[in-house]
Amino acid sequence: MANTRASAAYARIREAIIVGRHQPGARLHIQDLSEELQVGPSPIREALNRLVSEGLVSQHDQRGFRVASLDLKDLDDLFDARCWANEAALRASIQRGGRDWEENVVLMLHRLRRAPRLVEVDSGLRGAQWENAHDDFHNALIGACGSTWMQNFCQRTSDAAARYRAISRAAVNGQRGDEEEHVAIAEAAIARDEEKAVSLLTSHLRRTRDLVFNSWQR
């Protein structure tokens, strides 16, 4: 039961960090989170320690927990790593994936297109349903790569990129038709056009980087 409560707390705190409800650098008070999530302090502490290991939360000795900060200097490093890892994983999936992989890509694309895009129109905030559907689609693309390590690494870079997107979203809201980008990537992957699929995916990820960078510069 304790593990279940900690896992539930972890999922909700992680979600709040990724979509930007907990801002970079913000204090994460155990008692406040315990009251908000209606679980005891121990599961909250366990959840926060797990998020520390994933790089989403930082711990400062006696000063407690904070949402990990973001630094524009890390942006290129992050997106280089994300592109390299996803390229390798997508190539492997196209080469190895069977009919089940193709069907899952189509299903996750359908769910992503049906997910509500915005929670707050003015800020461009996307909620957990869209973020989860977005994760599921990108995970489906690389789902036949054959490497759990690679999939976990891609997920970690995706989480980090989502945090940058969240704090820049108000500035880039309305500047991107990413639904069409997702459709084109899926179609190329299913058609086994490896070079086109990789090129489209890399351009898709790089465009996110460019929009985030430009919004920060403004």
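How are helix 5 and helix 8 oriented to each other? In this predicted model, the axes of helix 5 (residues 99-114) and helix 8 (residues 178-190) come within 10 Å and cross at roughly 170°. Angles over 145 degrees count as roughly antiparallel, and the two helices are therefore roughly antiparallel to each other.

On the helix 5 side, the contact involves Trp101, Glu102, Val105, Val106, Leu109, Leu112 and Arg113; their partners in helix 8 are Glu179, His182, Val183, Ala186, Ala189 and Ile190. By class, the residues of this contact are nine nonpolar, one polar and three charged.

The protein chain as a whole contains nine helices and three strands. Read from the N terminus, the order of elements is α-β-α-α-β-β-α-α-α-α-α-α. The three strands make an open, antiparallel sheet in the order 1-3-2. Strand 1 and strand 2 are the edge strands, each pairing on one side only.

| Strand | Residues |
|---|---|
| Strand 1 | residues 27-28 |
| Strand 2 | residues 57-59 |
| Strand 3 | residues 65-67 |

Strand 2 and strand 3 are joined by three bridges in the antiparallel sense, and Ser58 stands opposite Arg66 in strand 3. Helix 3 (residues 41-53) packs on the sheet and touches strand 1, strand 2 and strand 3. The direction of helix 3 makes about 105° with that of strand 2.

Of the 218 residues in the protein chain, 46% are buried. The accessible surface is about 11500 Å², with 47% of it belonging to carbon and sulfur atoms. Among contacts with a separation of 6 or more, 75% are between residues 24 or more positions apart.

Notes. Residues are numbered from 1 along each chain as its sequence is written. This is a predicted model: local features need pLDDT of at least 70, side-chain atom pairs count only at pLDDT 80 or more; totals for chains, interfaces and linings use all residues. Side-chain values use heavy atoms; hydrogens and water are left out. Axes are lines fitted to C-alpha atoms, for helices over the stretch in contact, and angles run from 0 to 180 degrees between N-to-C directions. Helices (H or I, at least four residues) and strands (E, at least two) are DSSP runs, numbered from the N terminus. Angles under 35 degrees count as roughly parallel, over 145 as roughly antiparallel, 65 to 115 as roughly perpendicular and the rest as oblique. Contact means heavy atoms within 4.5 Å. Ala, Val, Leu, Ile, Met, Phe, Trp, Tyr, Cys and Pro count as nonpolar, Asp, Glu, Lys and Arg as charged, and the others, Gly among them, as polar. Buried means under 20% relative accessible area, exposed over 50%, partly exposed in between (1.4 Å probe, protein chains only). Accessible areas come from the Shrake-Rupley method with a 1.4 Å probe; for residues, only the protein chains shown count as cover. Two strands pair if DSSP finds at least two bridges between them.
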